[in-house]
Amino acid sequence: KEGVLVCKHDFFLPTHDGTGMRNLIVINLMKSLESREFVRKVVNWKHRYFFLTEKGIEYLREYLNLDAEAQPDTLKAPVGGRQREGGERGGDRRGGDRRGGDRGGKKEGSGAPSGNWRPQYAGEGAGRGRGGREANRKG
């Protein structure tokens, strides 16, 4: 009905929550449907999310003798749903520019140093401590 199946990737789980079937059977069924490109799999830790593809919807319509208008709820347009604030896409709820701050302008002290910057090191040598190479030589 929704076009999405969530499956815990646990071969020893007695039953799948959504179907009541053995979880191993559900895992193998979805693996078979994925190999025929009827579903798309998304993995998240120990859970697998399977989404019907267009090819899978057509296959299920034919296999279950459903009419051509039958489609998953995830593909249907929301009826009287709540619209997002701030317009169709994006938009800031507070109004104005989303970036905020002064990202467009240059801040003092940000970016690369000026051309006359010369780094200062505490001592000489290759960073081996106690004076570097010269102090380790005897003679």
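Biologist: Before we start, what counts as buried here?
Modeller: Buried means under 20% relative accessible area, with a 1.4 Å probe and protein chains only. Bear in mind that this is a predicted model.

Biologist: Fine. Is asparagine 23 buried or exposed, and why?
Modeller: Asparagine 23 is buried, because its relative accessible area is 0% and the cut-off is under 20%.

Biologist: Where does asparagine 23 sit?
Modeller: Asparagine 23 belongs to helix α1, which covers residues 23–35.

Biologist: Which backbone oxygen does the asparagine 23 side chain reach?
Modeller: That of aspartate 10, at 2.8 Å.

Biologist: What else does asparagine 23 touch, leaving out residues up to four places away in sequence?
Modeller: Besides Asp10, the contacts of asparagine 23 are Cys7, Lys8, Leu13, Pro14, Thr15 and His16.

Biologist: Switching to the sheet. What is the strand order?
Modeller: β1-β3-β2, in an open sheet of three strands with antiparallel pairing. On average, neighbouring strands are turned by 20 degrees against each other, direction ignored.

Biologist: And how many bridges join β1 and β3?
Modeller: Five, in the antiparallel sense, with β3 spanning residues 47–52. As an example from that pairing, valine 6 has tyrosine 49 in β3 as its bridge partner.

Biologist: Back to the helix. Which strands does α1 touch?
Modeller: Helix α1 packs on the sheet and touches β1, β2 and β3. The direction of α1 makes about 130 degrees with that of β1.

Methods. Residues numbered from 1 in each chain as written. Predicted model: local features only at pLDDT ≥ 70, side-chain atom pairs only at ≥ 80, totals over all residues. Heavy atoms only, no water. Pairing = 2+ DSSP bridges. Helix = DSSP H or I, 4+ residues; strand = E, 2+ residues; numbered from the N terminus. Axes fitted to C-alpha atoms, helices over the stretch in contact; angles between N-to-C directions. Contact = heavy atoms within 4.5 Å. Buried < 20%, exposed > 50% of the residue type's maximum accessible area, 1.4 Å probe, protein only. Polar contact = N/O pair within 3.5 Å; in protein donor to acceptor, adjacent residues only side chain to side chain.
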